[in-house]
Amino acid sequence: METRPRSRSSRRNREDRVPSGPLAGTDNGAGGRGPRRRLHPAGQAIVVGIGALLLGALLNARGLHKTAQSMNPSWKRDLGLALAKPLQTVSDDTGLDYPRRGLQALLGRSSDDDIVSQIVLPPPPPPPPVSPPVKKHHHKPPVHHRTTPPPPPVAPPPKKPAFSPHHPLRVYIGGDSLIIVPGESMLRAMGSKVYKPLDSVDGHVSTGLERPDVFNWFDRIRQVMKKDKPNVVIVAFGANDDHSYMTGLPKGVSIGDFGSPAWIKEYRRRVGGFMDTVIGNGGFVIYLGMPIVSSPSESHDFDLINKILYQEAKKRPKGALYVDTWFQFADPKTGGYAEYLPNKNGDLVKVRSNDGVHFEPAGGDIIARLVLKALNQRYDLTSWKKHTASG
Amino acid sequence: MIFPTTTFAVFFCIVLVASWLLMPRPRLWRLFIISASFVFYADWDWKFVFLLGFSIFFNQAVGLAIHRLRAQSQRKLVLTIGLIGNLGVLGYFKYYDFFVSSGHNLLQSVGLGFPLGTRQIVLPVGISFFTFMAISYIMDIYRRELEPVSLTKFGAYLSFFPHLVAGPIVRGSELLPQLEEPRDPRRVDTSRAFYLIGTGLFKKVVIANYLATHIVDQVFGAPVQHSSLEMWIGVYAYAVQIYADFSGYTDMAIGLALLLGFKFPQNFDSPYTAVSIQDFWRRWHMTLSRWLRDYVYIPFGGNRKGEPRTYLNLLATMLLGGLWHGAAWSFVIWGGMHGGWLAIGRFRRERGLASDAVTGWKLWRKRIVTFHLVCFAWIFFRAGSENGLSTAWDVIKRLFDNWGAASPAVTSGVVLWIVVGIATQYLPARIPQTIMARFSEARVAVQVVVLALVLMASHTMGPQGVAPFIYFRF
């Protein structure tokens, strides 16, 4: 048998291999016996690692640009955008974006990297018609003599729109992360008879009305109203809107700092426009106010946003309702933030999550009860039971 | 700072280069890696850096004191102080409000008041993990299985960022010897490191996040709105989600440590191929299982104090294991279920009624039964905090009482990732070994391209934004 002298490199390679067997065991089924693998110098690990990140950044340049764009204004966002823009240019020019585009097309997610910051709002509702001035009659109205004065006319209570299992109330629930747990509580409480929730809770973390480039709720609600035609839209926005920055501003408009008159005017326009989109498409909007949170400064910001929500809902009494949650989650004794609250039995239950902002399911249940109460006041959701029982 | 983010990628590139440059100067390297780990930890909340610092100084002092004392009673006293210190801090941050509210409600039911009120305590991320590592350090010194090391070595061991926030729980005897001398820069297991980072990233960003957003959150959020089929698929999906999430994280942690020249212990070994609950715990969160065995079950007496006591010890250990996961009764029930099943399994094996050494259809029957027992317990685990028990009950009811209803949440994508998540655990070990071996033989440029494509695919296929890891809150 012919033997060949081993070269230095092959000897080195042999020595630099990881032995197989139990000591070479790796994770998740990757252990055990198998072909040996070469060990490499640390320099190669650095080159491969950094090289892969750079090439990966070029392949993902559009996604990185969108990620940077979606960040809140900060030096990190500026730096991210400064790096992502040239990366995207190189990626587009060299065709390195094709694999990502191809994969997105395959997954039916070709619009993932689009950044749509334009806001389309319905025109503001016309002002209420001005009735012509009533002419004063100088002559006395005829007097009919009656023995007893007629009873004052009692307006019959407006008939509530009725819903039943055959004609269920179509409900859409959406918003930022603060809607997710209460929304799930609502779905649990609604059961499956008279309510027809449209899919699950449409909650999108870190979104709001301030940044349509991150998630365009104005487009979203228009699509929902057109496609699903909900009777009721239950939403919560605002927790991510307390910044001195908005995208999708009309030309020539600047907003100044959070809470400035210009900021309030623009935010009011968006809240009102969102409500009008729902109302204009035949829906009723229930806008959840934000709860008190553990951070006093954030609570202060939320309070300001709540005022706008309340006032805009009040302007549209037939189409919108503001549901306050602030006081529901305030400590009964101090009025401050409370993580635990007593339930109807007096037992302490955890209603807020550890982050001091979001809700625990027990907190979600409190909001669900408020919302269902409001729905029952507005709609007839129970008379079908009598008909069923009598029939 | 979580692993699958651009911020972490930049941070790690800097640390990787600096770490290997400083490696020949161990003391300087240790100071650097402690600083880097503190920066990593401070990204969550800078205030908690003081807690980590306290843990390092406190446990080092306790370890040195135990080592220097001769009298056993004194050693035991210092160990007790160390354990009270560690568990006290953990208990305060993690369980204070839970016990106060439970105590309040208990006394309320008999018409008495409770003297303490709840506080809004923010749980420091990873506190359970580094506290357990610190306890293992002082207990190993007490047992004379380990000698104390210098403050900087212990600081580097406890704060080392790859394992800091969600494990694996690395014991002193595994990592401290590696800190004794510089790692060899000529022999880095890069192919295994990149394989683990790539697969871990894919598991977390694509599989776990997809299943969470497409079915799990929906069905567990509002069970009454879903069909029985959706509920069954949702429970299976959660089993795959939590595996992909947690094992994906630890795969990345192990891979990152390997690139820095350090070996961490294995944390998962195809857990859904287990043939019994005992076998499951040999494969699931292995570093926690052995920690519970060595520092809870054995000190309780293990199997040395008779059969009934052994069962009791198993149950107690798993109840504590459940409570470790979270301050909620549903976690305690989850632990109790596993403890009970472990005790039953042991009882049956002792009498020759059961064995893990089976083949053929019996093997598959045992695998299927074990998988379903684990899934059943996951219902309580996922149901979580305050309303956990009622949510779990709603889920269990809905598994059976709404067949035939529409099941829009059961999509081909959901079924695909569940099948992938389970089937890959049955892959022969040779396949990943071959992939790693091939990768290690490939040219640098090929390695770069392959890794870049994995990064691109994970980023493109995953939902936008990265959800936090499930185990961060434990």
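Start with A:Thr325, in the loop between strand 6 (320-323) and strand 7 (340-342) of chain A. (Helices, H or I of at least four residues, and strands, E of at least two, are DSSP runs numbered from the N terminus.) Before going further, some ground rules: this is a predicted model, where local features need pLDDT of at least 70 and side-chain atom pairs count only at pLDDT 80 or more, while totals for chains, interfaces and linings use all residues. Residues are numbered from 1 along each chain as its sequence is written, chains are lettered from A and ligands numbered from 1 in the order in which they are written, and side-chain values use heavy atoms, leaving out hydrogens and water.

Is A:Thr325 buried or exposed? It's buried, at a relative accessible area of 0%; buried means under 20%, exposed over 50% and partly exposed in between, with a 1.4 Å probe and protein chains only. Its side chain reaches the backbone oxygen of A:Gly289 at 2.9 Å. Show the surroundings too: leaving out residues up to four places away in sequence, A:Thr325 touches A:Gly289, A:Met290, A:Pro291 and A:Ile367 (contact is heavy atoms within 4.5 Å).

Next, select helix 7 (residues 217-227) of chain A, whose buried residues are A:Trp217, A:Phe218, A:Asp219, A:Ile221, A:Val224 and A:Met225. They pack against strand 1 (169-175), strand 3 (202-203), strand 4 (232-236) and helix 8 (261-280) of chain A. At the N-terminal end, A:Asn216 is the cap, with a side-chain oxygen 3.2 Å from the backbone nitrogen of A:Phe218. After the helix comes A:Lys229, with a positive phi near 50°.

Now jump to A:Arg77 in helix 4 (residues 75-94) of chain A. A:Arg77 is buried but has no salt bridge, and the nearest side chain of opposite charge, A:Asp213, is 4.4 Å away. For that label, a side-chain nitrogen of Lys or Arg must be within 4 Å of a carboxyl oxygen of Asp or Glu. Beyond four places in sequence, the contacts of A:Arg77 include A:Gln69, A:Arg211 and A:Tyr245.

Last stop: colour by chain. Here 78 residues of chain B are in contact with 73 residues of chain A. On the side of chain B that touches chain A, helix 19 of chain B supplies the largest share, 13 residues.

Notes:
Lys and Arg count as positive and Asp and Glu as negative; His and the chain ends are not counted. A polar contact is a pair of N or O atoms within 3.5 Å; within protein, one must be able to donate a hydrogen and the other to accept it, and residues adjacent in sequence count only if both atoms are side-chain atoms.
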